[in-house]
Structures are given as C-alpha cells and as structure tokens.
Amino acid sequence: MKFLLANLLFLIWASSAFAQVSALRVLDRTTGEPVIQAHIKSDEQTVIATTGTDGYFTINRDDYPVIIVTAVGYQSREFVLRAGMETLYMNPEIYRIETGLLVLANREGENNVQAYQQQHHAQNMDQFLDKIDGLSTNKRGAFAWEPVIRGESDQRMNLMIDGMQVFKACVDKMDPITSYVETSNLSELHIDKSGSDVASSGGGSSSINLVTRGAEPESFSMNVSTGYRLPDNYRSLSVAGNTSDRTGRHAVRFSGSYKKADDFVSGNGSQIDNSQYEKLNLNVSYRHRLPSNHTIEANYITDKAYDVGYPALLMDATKALADIGQLRFNFAPTDKSWRVETVQIYANAIRHTMDDYSRDVENREVMGGMHMPMFGETFTAGTRVNGQAGISRHSFEWFLDGYYSRAYGDMEMNSHDPNIEDMFIYNLQDVNTWQGNIGMKHRFMISDDLLLKAEQNIALKNLDTGSERFASFFEGLYNRGLNTRPNILLSASGNLLWMPFDDWSFSGSLVYSERMGNHMERFGHYIYNYTDGYFYDGNPWLKTERAINTDLNTTWETDSHSISLSLFHKQYFNYIDGILSEGTGNIGLDFKRYANVGDATITGGEFRSLNRLGPRLSIENRVSYLYARNQTLDEPLPLIPPLKGFSTMHLHHKGNRLMGEVEWAAAQHRIAETASIEDATRAFAVLNLTWERDWLNGSLTSILQANNLLDRHYHTHTSIGNIPEAGRSVMVSLSYAF
Amino acid sequence: MTFLRWAGTLTAFALLVFTLASCDVTNSSDSEPELDLVTIGSVTSDDYKISLESESTLETGANQLYWKIERGGDLVTPELITITPMMDMGNMMHSTPYQQPEVAPEDDRYYSNMAIFIMASGSMGSWAIEFEITLLNQEILTGEIPVEVDSSWRLTSVRDDNDKIYFITWLHPKQPVTGNNTLGFMVHTRESMMSFPPVENAELEIYPYMDMGGGSGHSTEFTSPEAEGSGYYEGSINYSMSGTWTTSVTLTAGDITLPEVMFEYSVQAQ
C-alpha cells in the first residue's frame with residue numbers, strides 16, 4: 001500500500017514537474033519597470049495568477065497557451081505563450097512621457113503600434129485627433145473640429161464618451177462631442193477604424209470612444225497648468241486633483257479648465273474674423289469601493305462654451321452647454337462562467353444657441369438681409385451592461401446597450417425688411433430615437449499562432465417624431481403616410497490574427513454593417529449643408545445603408561522599432577446622400593433631400609513607423625491616404641483628405657525634450673464636382689517645434705511651442721469654406737504637479 | 001382572519017372607487033354645447049328668440065352659421081329654416097353664395113349652413129340675413145338679422161373677357177400652419193343678383209411662394225386642387241416654415257383661362 005501511494009505521489013510530482021510550468025515577467029514597455037499586481041487571465045477571463053512586486057508570475061503553458069494580462073493603468077493585452085518567451089510587455093493606457101499620449105490602434109491592441117502624439121494640456125481635443133493617422137477633421141474655424149475616421153464622419157461614425165451615446169445639438173455640426181472632453185481629462189482613446197468592434201460599440205461603424213479619467217484610490221495629488229499663445233491671445237488655466245481616504249474606499253477627482261482665444265491670424269498675416277472662443281469645462285468623479293470589492297463610480301462633466309466664432313459658417317455659437325452624467329457599477333472579478341462585469345446608466349443634455357448678429361447679413365449671398373438665430377438641444381439617456389458567459393466549454397463576452405434620445409432644433413428668420421413677417425422653422429421637432437443592442441464577442445484559438453475573433457450585434461432601432469404636424473410635413477413632401485416601425489440592424493465581424501513570430505503579426509478583418517439614417521437624415525428639415533450649399537430635408541423612408549469593410553494589417557514590433565501598414569477597402573450599398581429636390585422654384589436657395597443614391601467606396605491605408613535610434617533620439621513617421629468614390633455619380637466623395645502625414649523627431653537629454661515635427665499634405669485634385677462646392681487644394685508642409693524642460697525634480701514642466709514656424713499660408717482640404725490655418729504662433733505653458 | 005378582513009376592506013374600497021369613477025355626475029342632455037361659438041346677432045319674433053352664432057366674427061369668404069331657436073329659455077326644434085343673405089347697397093341689393101341650414105352634425109340643437117360673403121360691410125352697404133322658420137306646429141316665424149362682415153384675405157374674384165365674375169373662396173385651412181395642409185377652394189359665379197351657382201369641373205392651378213426678403217424666396221410641395229363637386233376643389237400645400245406666404249390661383253373655366261389671382265396670408269408654426 002505504501003509502495004502504491006509512493007508511486008502515485010511520484011507520478012503526480014513527475015507530471016507536474018514535466019509540465020511546462022514556467023515563470024514569466026510582465027514589464028512596462030516604456031520604462032522597463034515590472035508591472036505589479038497584474039492579473040493573468042485565461043482566455044475565458046478567469047484569473048489564474050497575479051504578478052508579484054518583481055513582475056513575475058508562474059503558469060503552466062500547456063494548460064494556458066493563451067492568456068490575457070490586465071493591470072491598472074495598462075492596456076489589456078492578449079498573449080500566445082511560446083516556448084522561450086520570458087517577458088511580456090504592457091503598454092500604458094495613457095502613455096505619458098510627460099505630456100505624450102499613446103493612441104491605441106484598437107481595443108485589444110493586437111496592432112499596437114504606438115502613435116506618439118506630442119500632446120499638451122493646453123491643446124484642444126480636436127487638434128489632438130487631427131494628428132492621428134487615419135483621422136482628419138472637418139474644420140469650420142478654430143474650435144470644435146468635427147472628427148472624421150477614414151473619410152467617415154458624423155452619421156457614419158460613432159462618437160462616444162465613456163461608451164455613452166451623446167448627440168450633438170447643433171444641426172450645423174458646430175458641436176462635435178469631442179469638444180466636451182479636455183485632453184487633460186482623457187484616460188484612454190479607443191479608436192476603432194475598421195468598425196470591427198461591433199459587439200461593444202455596435203453597428204459596425206468606425207468609432208471613437210473618449211474614456212475619461214476617473215477617481216483613483218491614491219493619495220492627494222494635484223496639477224495646475226497654464227498657457228499663453230500669441231498672436232491670438234489664447235490663454236488657458238486648468239486644475240486637476242485627486243484624493244482618497246486612507247483605505248482607498250472613497251476617492252474623488254476634480255478637474256476644471258478655462259480657455260479663451262481671440263481671432264487667430266493666418267500665414268499671410270490676415271486676421272480671421274469670427275474665430276474667437278471661450279470655454280469652461282468641469283469634471284467631478286467619485287469612486288467608492290464596497291467591502292465586497294465591487295466599485296461604484298459617479299461622473300459628471302459640464303462644459304460651457306461662449307462666443308464661439310465659426311468663420312466658415314453663416315453664424316456663430318453664442319452658447320454651447322453640455323451636462324453629461326453617469327453612474328457605473330463595476331462588479332468584483334469572479335471566476336463564475338456567467339457573470340456581469342459592469343452596469344452603467346447615463347443621461348446627458350446638450351444645448352446649442354447661435355446667431356448671426358455680429359455678421360454682415362446684408363451682403364450675405366445665402367439668405368441675406370435677415371438674422372437667423374438658431375437653437376438646438378438633445379437629451380439622451382441610456383444604459384450599458386456587459387459581462388461574460390459560458391456555454392459548455394466556450395465562453396464569450398456579451399454586451400447589452402440601450403438608449404433613448406430626443407432632438408429639437410429651430411431657426412428664426414428675422415428680415416430687415418419691415419414688410420417681411422418674421423419666419424420660424426422647426427429643423428427638428430420632437431424627434432425621438434430608440435435603440436437597443438445585443439452584442440457578443442467570441443475568441444477561438446485555432447492554433448498556437450492563429451487567433452480568430454468573431455463578433456455579432458443585433459440592434460433594434462426606431463426613429464420618429466412626436467409631433468403630428470412635423471410628421472405631416474414629410475408626408476406632404478413624399479406624398480405618403482408616415483408609419484415608423486423599428487428596424488432590425490445586423491452587424492458582424494471576423495478578425496483573424498496570425499503571429500508567426502513574436503515581433504511580427506498579420507491580421508485581417510471583415511466587417512458587415514447596417515445603418516439606418518440618423519435623426520437628421522430622416523427627420524431633419526431645412527438644414528443647411530456647408531459642403532454643397534444646399535438646404536436638406538430628411539427622408540423617413542430611407543432604406544438601410546449597408547457596408548462591407550475589409551481590413552489588412554501587418555505589424556513588426558521590437559523594443560526599439562515599430563512598423564505597421566494597414567490597408568482597407570469599404571464598399572457601401574444603398575449609400576445615403578442628398579439628391580436635388582425638383583420643382584420648388586426657389587430663388588437664392590437650393591434644396592436637396594436625403595435618399596439612397598446607390599453605391600460608394602472608400603479605399604485607403606495608413607503607414608506608421610517608430611524608430612528609437614538610441615536612448616535620446618526617436619523618429620516617427622505617419623502617412624495616410626484615402627481614395628473615395630461615389631459610384632453612382634462616378635466622382636470622388638467630398639471632403640476626402642489627400643495623402644498626408646507627419647514626421648517627428650524626438651530628442652531627450654536629461655530634463656530637456658526637443659521635438660521637431662513636419663506636418664504635410666499633398667495637393668487634392670479629386671473633388672466632388674457634382675455633389676459639393678469644394679475645390680482643389682494645394683500641397684503644404686509646415687514645421688512645428690516644441691521644447692520641454694523639467695524643473696524642481698520634475699514637478700514643474702515648462703513648454704515652449706512654436707507652430708507653423710515658417711508662417712505658411714495654407715488650408716487643409718477639409719477646411720470648409722477654405723478657411724486658412726493659423727500662421728506662426730508661439731505658446732508658453734507651465735505645468736506644476738504636487 | 002386578519003388577511004380576510006384586509007382583503008374585504010380593500011375590495012369594498014375598490015368597488016367604491018370604481019362606482020364613483022363610473023358615475024357620470026353630469027347630465028349629458030344638460031351639458032353646454034361642445035361648439036365654441038360667438039353670437040353674431042339675435043331677434044325676437046313672437047315669443048321666440050332666434051339667435052345667429054358662428055365660430056368667429058363674420059368675414060368675407062366662407063362662414064359657418066349656426067341657428068338656434070328658443071322659447072322661454074327652452075330650445076325649440078323647427079321643421080324647416082330657410083334664409084337669404086342680402087346686401088343692401090342703397091341703389092341695389094344682392095345676395096351671395098350660401099346654403100340652406102340643416103341640422104348641425106356637431107350639435108343637433110343647432111341648424112347650420114355655410115354662407116360666402118362676397119363683400120364686407122361698410123360704406124358700400126350693409127348685410128342682413130332674412131329668415132323664415134317653420135315650427136313643428138306649422139307656425140311660421142319671419143324676420144332678419146343684421147350682420148357685420150369684415151374683410152379678409154380668404155376671398156378674391158376675377159372676371160373673364162365677357163365681364164363674367166368668378167368668386168374664389170379659400171375654404172380651408174382657415175388658419176394655415178406649418179406642415180401639410182389640406183387645401184380647399186369654393187368657386188362660384190354670378191348669374192343674377194340673387195343667383196350665385198357653384199362652378200363645377202373647372203381647373204385650378206396654384207403656386208405657393210414665400211418671399212423671404214433680401215432676394216431669397218422659395219416655394220414648397222403642393223398639389224393643385226381638383227374638382228370634388230358642388231364647386232368644391234381640394235388639394236394640399238406643405239408649408240415648410242411660418243411667415244407670410246402667397247398662393248396664386250389660375251382658374252380655367254371651360255376653355256377660358258382667367259387672369260391669375262393671389263391670396264396672401266400668414267402661416268403659423270405649430
């Protein structure tokens with residue numbers, strides 16, 4: 001008996017000894033420091049180990065060929081464990097070489113090429129986004145640039161704050177929601193260019209999710225920053241602080257910023273009238289950890305912008321107000337196969353008031369001789385729940401998402417002619433949107449170096465107006481009765497990741513998406529489109545627009561070098577665009593209606609490289625290109641940026657950092673002659689220099705920044721109305737942290 | 001036992017609430033008329049009070065008239081009411097297009113009819129509506145009620161080369177509002193001072209337009225009215241905004257196309 005027991009114990013010991021139990025180490029990619037308390041999870045999201053103070057953990061590679069590593073402050077990352085692998089590098093969620101930000105290519109970070117952006121607290125979010133490859137911005141002045149992902153803007157992309165749906169209130173697109181989050185308040189930036197993240201962000205649209213910084217269970221810390229720029233007298237002051245009690249159960253974070261700028265000056269010394277702005281942003285976040293380790297987070301953002309000039313538009317914003325609140329309950333990690341991880345409820349209200357009282361309306365070509373004050377507002381409330389589920393031996397992530405949104409917009413027209421009665425129009429009257437989504441995300445490890453991800457999303461969406469009178473306008477316009485019904489929208493994606501070597505990966509994704517027209521395309525009325533000069537009416541009977549996106553990426557990444565190439569092609573069916581209205585005999589006004597106009601394509605790619613040539617020198621290059629075509633009109637789509645890029649050189653020495661950046665774009669001659677009034681744009685290149693220096697052991701940072709050093713006069717192709725960019729500017733910033 | 005007592009109490013309470021809610025504390029026969037009318041005029045004939053009411057003060061164009069007969073405060077149902085609107089211009093008198101009263105579908109205590117006044121009261125003359133009421137007891141009441149008619153934008157006229165006049169009445173919407181409006185016109189002509197027959201099977205071409213000032217202006221979606229019979233023509237106009245609109249009307253009667261006439265009016269936002 002003793003012999004048998006001894007043999008059994010020996011077999012158990014031997015089996016464990018010969019199993020591939022090995023120690024691995026998790027390190028911070030940027031600092032090389034060990035990542036402490038990182039959770040090592042199976043691909044079913046069960047925690048199987050935790051790193052120690054030296055960053056090490058042990059694991060049986062046979063049992064867990066694929067692991068997911070998560071850690072506070074780092075981007076979650078999935079690893080295929082190979083023989084000989086000893087170190088796992090983690091990328092910080094927010095990459096801060098003092099003021100730098102790491103932009104994540106996608107949520108999982110498989111294509112985790114770092115796009116280093118020299119980012120300052122004083123820089124606006126839209127300026128920051130404009131420098132990310134694959135992104136551009138449609139500009140209407142110095143403020144609130146509208147982000148565009150691979151040529152898709154507005155209704156074809158999903159802009160979110162902390163996953164919340166927030167809808168702009170201005171029918172003229174003056175208030176993209178990116179303006180409501182300050183860069184100093186940004187924790188993560190999730191950019192899904194291909195739309196493959198269909199399960200969580202829904203719909204298969206490309207998306208930007210601005211993840212704000214929440215309260216952290218840390219001791220008291222504070223940061224005060226201020227900046228001043230010439231010649232537009234831009235001045236800013238921002239304050240952020242975080243504190244918690246000794247147990248870390250209660251934590252509070254507060255941030256506030258104030259910015260004000262006068263009219264900016266273009267490269268030829270011309271002052272651009274009506275380009276001023278003033279903005280106040282406040283954010284309060286509270287986090288409470290329960291004894292059960294569940295956490296409750298409450299977050300409130302209020303953003304107030306006043307006297308915002310839009311030189312490209314007919315009018316300026318006198319007041320843009322946003323109130324955005326959310327409550328989030330984070331369940332403590334468990335190893336149950338069916339579990340809820342996060343429950344979030346939110347509500348937000350956006351109000352936008354604008355007028356043309358400071359404009360010369362008498363000599364205006366469009367609707368001259370009158371003032372046109374406008375008002376718009378949206379209210380949105382929703383909830384998001386996500387978790388894990390397991391059926392048999394397969395586990396997957398699930399997402400539930402639902403929201404309701406109400407939109408309103410009106411415009412007065414007060415003629416200077418006393419014989420003309422005041423006019424009034426509803427651009428949007430009691431327009432309601434309901435949407436509910438169910439999404440699932442699956443992972444299948446096909447082999448040691450091949451991972452397949454599959455995501456599905458089913459959405460039920462309805463749009464209507466609560467005003468019978470407003471509905472009757474569309475009934476009269478299209479001569480049919482309005483009977484709105486919910487649409488079922490399907491989207492799915494498949495993503496194949498092949499990692500033949502540790503430092504080289506290939507991936508490809510295929511995304512199918514369906515989109516119904518948004519509230520402006522369906523129920524917008526008399527809405528001026530600055531890209532083509534037409535007034536638009538919605539069409540409640542639009543068919544679902546469908547799209548198939550294919551995306552290929554290859555990435556080579558070592559500790560010092562990173563090179564990535566992405567190519568994509570997107571084919572639209574039932575593309576929604578404006579067509580000319582007939583027979584309305586207008587004078588000085590042109591009208592279009594939204595319709596399914598046929599098919600369209602967007603093809604393009606991005607190249608990124610980062611090379612660290614030593615401890616003090618790194619070079620970064622980014623290039624992107626888009627080729628877009630309206631196949632029905634046989635012409636390019638409008639507002640597509642040309643070949644463009646950035647080349648940046650970073651020099652680090654002791655407490656000094658020097659960055660030189662060349663921003664360039666080729667000429668754009670591919671213009672939409674039929675569908676827009678855009679024109680060709682010349683090539684340009686501008687030089688920017690930044691010098692940063694740390695003082696007081698790094699507590700105090702000074703930044704001297706000179707943009708457009710050669711004072712070039714130019715405009716980007718996506719500048720509506722060809723409003724020129726700012727000429728040479730010099731800015732001094734100070735940031736003190738304690 | 002306690003549960004039964006509570007259940008019984010709740011049931012009794014529910015029944016009481018249901019009973020109270022079901023009771024109609026008002027007697028429908030005694031309720032005030034649903035119509036919101038203003039009194040245009042009234043006269044007393046024998047012991048009967050004959051009242052003429054309308055939804056608003058009378059104006060040129062179409063007006064819905066409501067007749068009520070009372071005796072000693074009690075409503076009296078007549079067998080027949082016949083009326084004749086007359087304009088006394090001193091040197092001449094004439095009538096106007098009108099219908100004879102019938103039991104009002106909105107409220108059977110009234111008789112109602114439409115009258116299209118082709119001119120306003122004033123220095124040119126004054127309007128009165130003559131009536132003859134046959135009661136159920138075959139007693140006949142006669143008389144007239146003087147009425148004031150204001151001018152409005154809802155009526156216009158046009159003459160052909162033979163000086164034949166056509167009256168074009170904007171029947172509805174009485175108050176145009178933003179959105180789609182069903183458009184109704186009445187067209188009458190004049191055969192004599194007392195005869196204004198409806199014009200049937202004519203063609204109406206319309207064109208709505210808004211002058212926004214500053215050289216800007218636009219039309220909107222519309223359908224030209226088509227004959228529905230009895231001089232009534234129906235189409236639609238889809239107003240995109242509030243403000244002052246004009247709608248031109250070109251009438252073709254027989255083979256004759258008459259000169260364009262214009263309605264100018266204000267559209268309200270709703």
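This is a predicted model: local features need pLDDT of at least 70, side-chain atom pairs count only at pLDDT 80 or more; totals for chains, interfaces and linings use all residues.
**View 1. The largest nonpolar core.** This core holds 150 residues. Those with the most contacts inside it are I161(A) from chain A and I116(B), F185(B), V187(B) and L251(B) from chain B. L251(B) touches V158(B), Y166(B), I168(B), V187(B), A202(B), L204(B) and L258(B), leaving aside residues up to four places away in sequence. Another core lies apart from the largest one and has 14 residues. Its members include I40(A), I68(A), A71(A) and L88(A).

**View 2. Helix 4 of chain A and its surroundings.** The helix spans residues 468–478. Its buried residues are F470(A), A471(A), S472(A), F473(A), F474(A), G476(A) and L477(A). Within chain A, they pack against strand 27 (423–447), strand 28 (450–465) and strand 32 (534–537). They also pack against chain B, at strand 13 (179–189) and strand 17 (232–239). N479(A) follows the helix, with a positive phi near 55 degrees.

**View 3. The contact between chains A and B.** Chain B contributes 25 residues and chain A contributes 28 residues. On the chain B side, two or more residues come from each of strand 13, strand 14 (203–213), strand 15 (216–218), strand 17 and strand 18 (243–253). By class, that side has 19 polar, 4 nonpolar and 2 charged residues.

**View 4. The two domains of chain A.** The domain assignment places domain 1 at 2–90 and domain 2 at 101–737. Their C-alpha centres lie 39 Å apart. The contact takes 13 residues from domain 1 and 14 residues from domain 2. On the domain 1 side, strand 6 (residues 77–80) of chain A gives the most, with 3 residues. The residues of that side divide into 5 nonpolar, 3 polar and 5 charged.

**View 5. The two domains of chain B.** Here the domain assignment gives domain 1 as 25–147 and domain 2 as 155–267. The C-alpha centres of these domains are 28 Å apart. Each domain supplies 10 residues to the contact. On the domain 1 side, strand 3 (61–71) and strand 6 (93–94) of chain B each supply at least two residues. That side has 5 nonpolar and 5 polar residues, and no charged ones.

Note on methods: Residues are numbered from 1 along each chain as its sequence is written. Chains are lettered from A and ligands numbered from 1 in the order in which they are written. A nonpolar core is a set of buried Ala, Val, Leu, Ile, Met, Phe, Trp, Tyr and Cys residues joined through C-beta atoms within 7 Å. A residue is buried if 20 or more other C-beta atoms lie within 10 Å of its own, exposed if 12 or fewer, and partly exposed in between; C-beta atoms are placed from the backbone. Two residues are in contact if their C-beta atoms, placed from the backbone, lie within 7 Å. Domain bounds come from an automatic or database domain assignment. Helices (H or I, at least four residues) and strands (E, at least two) are DSSP runs, numbered from the N terminus. Ala, Val, Leu, Ile, Met, Phe, Trp, Tyr, Cys and Pro count as nonpolar, Asp, Glu, Lys and Arg as charged, and the others, Gly among them, as polar.
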